[in-house]
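Reader: I would like to know how the labels used for this sheet follow from their definitions. Please take them in turn.

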Amino acid sequence: MSRSVDELLADARARLARVTPQAAATVASRGGLLVDLRPQSERQREGEMPGAVAIGRNVLEWRLDPSSLYRIDAVTGYEQPIVLVCTEGYASSLAAAVLQDLGLVHATDMEGGFRAWVASGLPVHRPGA
């Protein structure tokens with residue numbers, strides 16, 4: 001049985017409590033984890049969200065699973081709020097659903113991705129600026 005990526009995306013989003021850029025900033029200010037999935041070259045070109053942790057999609061589960069030997073120090077447990085951000089909010093939805101499958105019950109993503117963050121007027125750090 002095959003499924004389209006649009007079906008996978010719809011299923012993922014149906015179980016996520018997606019947040020706006022402003023809500024993502026609030027989650028981060030209250031101890032939640034803001035995770036930027038964009039490649040380094042894109043972050044260098046377009047800027048970064050202050051306080052966000054950059055994690056490549058290829059190692060995301062290992063870095064955020066509280067039971068993983070390879071988790072980052074910022075992970076505090078399965079109840080920790082985690083907001084994933086990609087460029088426009090598609091890949092982050094799929095990734096957040098996988099994190100929920102790992103037991104990270106408050107994993108979600110940000111509507112519109114980094115571009116929505118910028119459009120909302122939230123702060124952006126420009127490397128080298």
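**Strand pairing and crossover**

Author: In this predicted model, Leu34 has Val83 in β3 as its bridge partner.

Reader: What makes β1 and β3 a pair?

Author: Pairing requires at least two bridges between two strands. Four bridges join β1 to β3, so the two count as paired, and they run parallel.

Reader: What joins β3 to β4?

Author: Three bridges do, and these strands run parallel. Since pairing needs at least two, β3 and β4 are a pair. Ala107 in β4 is the bridge partner of Ile82. From β3 the chain passes through α5 to β4, a right-handed β-α-β crossover.

Reader: Where does α5 lie?

Author: Helix α5, residues 91-101, lies across β3 (82-85) and β4, and runs at about 175° to β4.

Reader: Why are β2 and β4 called edge strands?

Author: The open sheet has four strands in the order β2-β1-β3-β4, with parallel pairing. Both β2 (53-54) and β4 (107-109) pair on one side only.

Reader: Which way do the side chains of β3 point, and are they buried or exposed?

Author: Ile82 and Leu84 point one way, Val83 and Val85 the other. In a regular strand, side chains alternate between the two faces of the sheet. Buried means under 20% relative accessible area, and all four named residues are buried.

Notes
Residues numbered from 1 in each chain as written. Predicted model: local features only at pLDDT ≥ 70, side-chain atom pairs only at ≥ 80, totals over all residues. Heavy atoms only, no water. Contact = heavy atoms within 4.5 Å. Axes fitted to C-alpha atoms, helices over the stretch in contact; angles between N-to-C directions. Buried < 20%, exposed > 50% of the residue type's maximum accessible area, 1.4 Å probe, protein only. Right-handed = clockwise from strand over helix to strand, strands pointing away.
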